[in-house]
Amino acid sequence: MSQKPQETALSKCPGCEEPLEPGDLFCGACGYDLSAVPPAPQDHPTIALAVPVENGAESGAQARAAEVRFDRRAGSDGPDGPDGAAGPDGPDGAAGPGTPGGSGDFELAAPVPAAAPSAAAPAPDPRTPASEPLAATPPAGTRVCVACRAGSVDTDGYCENCGHAQPRERDHMEQELGSVAAVSDRGLRHHRNEDSFAVSTTALPDGSPAVVAIVCDGVSSASRPDEASAAAASAANEALLESLPRGTHPQQAMHEAILAAAEAVNALAQEPGRATEHDRHRHQNAPACTLVGSIMAGGLLVVGWVGDSRVYWVPDDRANPPARLTEDDSWAAQMVAAGLMNEAEAYADERAHAITGWLGADAYELEPHTASFKPDRSGLVVVCTDGLWNYAESAAEMAAAVPADAHQRPLHGAQVLVGHALDGGGHDNVTVALLPFAVEPQGAGSACGTP
């Protein structure tokens, strides 16, 4: 929002801390259900205010007629509204705090005439204009707004009836496919998830399996980072699924997949009329993201990356040391490589996470990194964005965060790792893919290195 609203009892969203407009039932940025927030303590007046009696000679009926009462507004007869009808604001029909008809919401009633009382029909819900019928139920299969529960949701993720933003499908994603699993979460501070992933399995020409995991992290300072990460992950995955069955060496296939991902991200910058309508605060530079991936095929473990997302190796036998298999394209890594700082000093600097390599039309020069290993023992491959490794930076810290049974339950292991990042503060989007790597006893040896 471009203007800060006046402070109210609830001026910021509890989920994303975005400013709220008076009367909001849901956060326009993240879709947080504000009706679930406990209302402020209510003030229940108990003393009636009476109009002064002239000449001290007013009958009881006249006195009652002159009284000024504090009544609940129409529609507050109970938790389900008048006649027990379910209200539109919640599953139990209870109106949200601060809405007409909510508990403890009062108005000054006009003096009541002294005429004989009669049974009055329940007043209509003041939120529904008398001249307009209730909205018809959307057709089956239509995505319904979480705020008004009546309007359908357009392709941009906004309700066509009340205009509220809907919770995005990418806020939390999980996928398990055979021996590979991945989880991605928006985190606790960002208003959307700019990470993306792709996991898949295929077969080599000899019929042996190949397992693929690609993880991408959108560059937040760029335009449309969420689209960039999704395009890169999809393009790299498709390239690998096309080249590996043809017999392309996995390391060469990874190199080509990174180039295909770069082309997909570059193409986003060429699309006309794609100004960031909902991201006016961002500079209009080219969409960009980082990429890291891993392939398990033919007894090899191949990794490839551009940027600062990482791959870790965690042996099943925790008596053996874990290892980090990638090197960051970042300012901190450059300082360490040049011998100007040690690793602790470099990563403590505020410039540490400034990346020096990424996918995007404005990248200085694309230099895909690839490496191939032939592990001599079974272990777990952890492919993740910095939203996770910020809370488990060293290989030892990452190994300590990985559950002992992650090799048998990769999806559960990925969920635990995402929870580790959220418990640590969840300052960034969090994405992790786990690939259990099994080695036969006679498979010792190394092609290019041993994790």
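Buried means under 20% relative accessible area, a handy cut-off for the close-ups below, which all come from a predicted model.

**Close-up 1. Arg-224, tucked into a loop.** Arg-224 has a relative accessible area of 7%, so it counts as buried. You'll find Arg-224 in the loop between β8 (209–218) and α2 (225–243). Its phi is positive, about 50 degrees, even though Arg-224 isn't a glycine.

**Close-up 2. His-353 and its contacts.** Here we're in the loop between α5 (343–348) and β13 (359–360), where His-353 lies. His-353 counts as partly exposed because its relative accessibility is 35%. Leaving out residues up to four places away in sequence, His-353 touches Asp-308, Asp-386, Trp-389 and Asn-390. Gly-307 is 46 residues away from His-353 in sequence, yet their C-alphas are 9.9 Å apart in space.

**Close-up 3. Arg-310 over the ring of Trp-389.** The charged end of Arg-310 sits over this ring, 3.4 Å from the ring's centre. Trp-389 also turns up among the residues that His-353 touches.

**Close-up 4. Trp-313 meets Phe-437.** The whole structure holds three aromatic pairs. In one of them, the ring centres of Trp-313 and Phe-437 are 6.1 Å apart and the planes stand at 75 degrees, so this pair is edge-to-face. It links distant parts of the chain, with Trp-313 in strand β11 (residues 310–315) and Phe-437 in strand β16 (residues 430–437), 124 residues apart. Both Trp-313 and Phe-437 are buried.

**Close-up 5. Trp-358 meets Tyr-364.** These rings have centres 5.2 Å apart and planes at 65 degrees, so they too are edge-to-face. Trp-358 is buried, at 13% relative accessible area, whereas Tyr-364 is exposed, at 72%.

Key. Residues are numbered from 1 along each chain as its sequence is written. This is a predicted model: local features need pLDDT of at least 70, side-chain atom pairs count only at pLDDT 80 or more; totals for chains, interfaces and linings use all residues. Side-chain values use heavy atoms; hydrogens and water are left out. Helices (H or I, at least four residues) and strands (E, at least two) are DSSP runs, numbered from the N terminus. Buried means under 20% relative accessible area, exposed over 50%, partly exposed in between (1.4 Å probe, protein chains only). Contact means heavy atoms within 4.5 Å. Rings of Phe, Tyr and Trp (its six-membered ring) pair if their centres lie within 6.5 Å; planes under 30 degrees apart count as stacked, over 60 as edge-to-face and the rest as tilted. A charge sits over a ring if NZ of Lys or CZ of Arg is within 6 Å of the ring centre and within 35 degrees of the ring normal.
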